[in-house]
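Let's take a walk through a protein model, one stop at a time. Keep the picture open and look up each residue as we get to it.

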Amino acid sequence: MRISIGNDHAGTEYKQAVIKHLEKKGYTVNNYGTNSNDSVDYPDFVHPVAKDVEDKTVTYGIIICGSGNGANMTANKHQGVRSALCWTKEIVALARQHNDANILSIPSRFTALPQVLEMVDTFLDTAFEGGRHENRIKKIPVQH
């Protein structure tokens, strides 16, 4: 499975740990994030992740910024992207089960690294339930 990851300066440490964690499990990772703690603009690193998900060149995306909000808002501008801002593994599980989230947005300033690794595992191991949730997912895109 191929996963894209992107981050701003607030997510560099977590991104590096997540990549190591994923590669150890056999995943292939596209790294679009900065590798520095110098201030950068999160959209520059989130748009490529969302585009990969939108184009279906990856199965999932992971984005990391300080609050998770800016990255999440940016990713959700792309068609077919359902990015979920999560801070516990329980919220992650519901985002996958009920919303078929395909990007996990992580708030680095409000989570601990062991918690983040659990969230990533939950994201990748939890299936979409379908059923009554399928119709709701179909209503997300704006119809013009």
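**A walk through the model**

Start with Ser108, which makes contact with Ala10, Gly11, Tyr14, Ile64, Cys65 and Gly66, leaving aside residues up to four places away in sequence. Before going on, keep in mind that this is a predicted model. You'll find Ser108 in the loop between β5 and α5. Is Ser108 buried or exposed? Its relative accessibility is 9%, so Ser108 counts as buried, given that the cut-off for buried is under 20%.

One of the contacts of Ser108 is Ile64, so let's hop over there, because contact here means heavy atoms within 4.5 Å. Ile64 sits in strand β3. With a relative accessibility of 1%, Ile64 is buried too. Which residues does Ile64 touch? Not counting residues up to four places away in sequence, they are Ile5, Gly6, Asn7, Asp8, Gly11, Tyr14, Lys15, Ile106 and Ser108. Thr28 is 36 residues from Ile64 in sequence, and their C-alpha atoms are 18 Å apart in space.

The largest nonpolar core holds 23 residues, and Leu22, Ile62, Ile106, Val120 and Leu124 have the most contacts inside it. Two or more residues each come from β1 (2–7), α1 (12–24), β3, α4, β5 and α5. Which element gives the most? That's α5, with five residues. Zoom in on Ile106 and you'll see contacts with Ile62, Ile63, Ile64, Cys65, Gly68, Cys86, Thr111, Val116, Met119 and Val120, again not counting residues up to four places away in sequence. Apart from this core there is another one, of eleven residues, including Ala50, Val53, Ile63 and Ala71.

Now for a helix. In α4 (residues 89–99), the buried residues are Val92, Ala93, Ala95 and Arg96. Look down the axis of α4 and these buried residues fall within an arc of 160°, so they line one face of the helix. What do the buried residues of α4 pack against? The answer is β3 (60–65), β4, β5 (103–107) and α5 (113–125).

Strand β4 covers residues 83–85, and Leu85 is part of it. Leu85 touches Ser67, Gly68, Asn69, Asn72, Ile91, Ser105 and Pro107, if you skip residues up to four places away in sequence. Leu85 and Gly6 are 79 residues apart in sequence, yet 14 Å apart in space from C-alpha to C-alpha.

Next, look at the backbone. Most residues other than glycine have a negative phi, and most peptide bonds are trans. Asp100 belongs to the loop between α4 and β5. Lys56 also has a positive phi, near 60°, and is a residue other than glycine. Lys56 lies in the loop between α2 (43–54) and β3. Is Lys56 buried or exposed? At 70% relative accessibility, Lys56 counts as exposed.

Let's look at some other exposed spots. Asp125 lies in helix α5, and this residue is exposed, with a relative accessible area of 60%. Thr88 is 37 residues from Asp125 along the chain, and 15 Å separate their C-alpha atoms. Val142, in the segment after α6 (132–138), counts as exposed at 60% relative accessibility. Val142 and Gln79 are 63 residues apart in sequence and 9.5 Å apart in space, C-alpha to C-alpha.

Rolling a probe the size of a water molecule over the atoms shows where empty space is left. How much space lies in the largest pocket? It comes to about 250 Å³. The pocket is lined by 13 residues, of which His78, Gly80, Val81, Ile140 and Pro141 are the closest to its centre. Sorted by class, the lining has five nonpolar, four polar and four charged residues.

Key: Residues numbered from 1 in each chain as written. Predicted model: local features only at pLDDT ≥ 70, side-chain atom pairs only at ≥ 80, totals over all residues. Heavy atoms only, no water. Helix = DSSP H or I, 4+ residues; strand = E, 2+ residues; numbered from the N terminus. 1 Å grid on protein atoms, 1.4 Å probe; cavity = no way out; pocket = protein on both sides within 12 Å on 5 of 7 lines; lining within 4 Å. Points joined across faces, edges and corners; volume = space filled by probe spheres on them. Nonpolar A, V, L, I, M, F, W, Y, C, P; charged D, E, K, R; others polar. Buried < 20%, exposed > 50% of the residue type's maximum accessible area, 1.4 Å probe, protein only. Arc of directions from axis to C-beta. Core = buried A, V, L, I, M, F, W, Y, C linked by side-chain atoms within 4.5 Å.
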